[in-house]
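Hi everyone, thanks for making time this morning.

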Amino acid sequence: MGPHPAVAAIRLAVRRVLHDVLNQHCTQDRRDPPLVLVACSGGADSMALASALTFEAPRLGVRAGGITVDHGLQEGSDLRAAEVALRLRALRLDPVEAVTIRVGRDGGPEAAARDARYAALDAAAERHGAAAVLLGHTRDDQAETVLLGLARGSGTRSLSGMAATTGRDGRYRRPFLELDRQTARKACLMQSLPVWDDPHNADPAYTRSRLRHEGLPALEKALGKGVVEALARTAQLSRDDADALDAWAADAERTVLDDAGTLDVAALFALPAAVRRRVLRRAAIGAGSPAGSLFARHIEEVDRLITAWRGQGAINLPGRVGVRRQGGRLVIRQG
Ligand SMILES: Nc1ncnc2c1ncn2[C@@H]1O[C@H](COP(=O)(O)OP(=O)(O)OP(=O)(O)O)[C@@H](O)[C@H]1O
């Protein structure tokens, strides 16, 4: 008798990613077996991921290890991290590491914890020479990410959620992005894997938690069960659109930019709004405005220098970047 369908599904998802990693490894002409690490919080998604990795890796000639990060934000988090590391070793992953980090405050508690966690995972990947790091984000996480982008009123890039592959050299992989959270949970249950439910995930103080426990269930009640799947599909379609528009903007930039680094207003005006705003955003970032602080409202204001010109003065962007219209040119400079 084969494995339970949930276990078969998580294994298939991981096998596909391992094939990809192996192909990439071979094209780099490497002969040693690649090491793949699972980033594991001890929650159901990443424990399911660890179990699938431990099953598939030896069959494909891949080495498999695990990393758990202790954010040090809760009483006893060090003991829990040690416990997760033990569970990963019990799955015969090797190497296994529990890494303790210090979380700053920049950008709010959730963003600060995420930034510190990725920095620790990057460092661990470098230290162990890992070819890939697997993350347990599911289709439900993707749907939540799309809704958060929608609620911020941002564009297609933000609606495109998380990519299956991100990070330096495509280091981070998300095998479960097309799998629902219920399947991961069921797979743990069927394999008698103990899982740890992070109390933060149920804490209504966190936006994502409210969305998960109140927002999405209300949407499903109103619109039907297919909402999560539809939102995940929206993410993929938006990603394709955003990629195409980014490529268009990169081409357009070459035609509107002169050697002195100023932009031709008439040529900008002739571009479709979605492309023009991307060109303006690229130029602002190129001049030193930090991408994370540059919001749609900033770019809209710069855009008005082109589309609603009435002699306005210079516009100040984050990072001490100023934008002014001088005759038929747009001058974007720091300082
Ligand atoms: N403390 C951690 N240590 C290592 N990896 C982590 C940690 N927290 C999150 N991750 C990785 O990031 C992914 C997504 O994080 P998220 O906070 O959504 O997960 P979670 O709900 O805490 O845990 P899980 O996804 O395992 O159920 C996890 O699946 C895991 O791969």
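Let's begin with the overall picture. The protein chain has 12 helices and 10 strands, and please keep in mind that this is a predicted model. Along its principal axes, the C-alpha trace spans about 75 × 50 × 40 Å. The chain has 335 residues, and 36% of them count as buried. If you take the contacts with a separation of 6 or more, 68% are between residues 24 or more positions apart.

Now for the annotations. UniProt, in an unreviewed entry, has a domain called "tRNA(Ile)-lysidine/2-thiocytidine synthase N-terminal" covering residues 36-214. Within residues 36-214 the chain is 49% helix and 13% strand, with the end C-alpha atoms 36 Å apart. The unreviewed entry in UniProt also lists residues 263-330 as the domain "tRNA(Ile)-lysidine synthase substrate-binding". That span is 46% helix and 19% strand, and its end C-alpha atoms lie 5 Å apart.

On to the ligand. Which residues come nearest to the ligand? They are Ser41, Gly43, Asp45, Ser46 and Gly136, out of 17 residues around it. Two elements, α2 (44-60) and β2 (63-70), each give two or more residues to this shell.

Is Thr68 buried or exposed? Thr68 counts as buried because it has 25 C-beta neighbours inside 10 Å, and 20 or more is the cut-off. Leaving aside neighbours within four places in sequence, Thr68 is in contact with Cys40, Ser41, Gly42, Ala81, Val84, Ala85, Leu88 and Ala98.

Next, the inside of the protein. The largest nonpolar core has 52 residues, and the ones with the most contacts inside it are Ile10, Val36, Leu37, Leu53, Val133 and Leu134. Quite a few elements give two or more residues to this core: α1, β1 (35-39), α2, β2, α3 (77-90), α4 (109-128), β4 (132-134) and α7. Which element gives the largest share of this core? That is α1, with nine residues. Another core, of 19 residues, lies apart from this one, and among its members are Ala252, Val256, Leu280 and Ala284.

Not counting residues up to four places away in sequence, Leu37 touches Gly65, Gly66, Ile67, Ala124, Ala125, His128, Ala130 and Val133.

Last stop: helix α7, residues 181-190. Its buried residues are Arg181, Thr183, Ala184, Ala187 and Cys188. They cover an arc of only 165 degrees around the axis, so they sit on the same side of α7. What do these buried residues pack against? Their partners are α1 (5-27), α2 and α5 (139-152). Just after α7 comes Ser192, with a positive phi of about 50 degrees.

That's my tour, and I'm happy to take questions.

Conventions:
Residues numbered from 1 in each chain as written. Predicted model: local features only at pLDDT ≥ 70, side-chain atom pairs only at ≥ 80, totals over all residues. Near = placed C-beta within 6 Å. Helix = DSSP H or I, 4+ residues; strand = E, 2+ residues; numbered from the N terminus. UniProt positions renumbered as here; feature names shortened; annotations may be inferred. Buried ≥ 20, exposed ≤ 12 C-beta atoms within 10 Å, placed from the backbone. Arc of directions from axis to C-beta. Contact = placed C-beta atoms within 7 Å. Core = buried A, V, L, I, M, F, W, Y, C linked by C-beta atoms within 7 Å.
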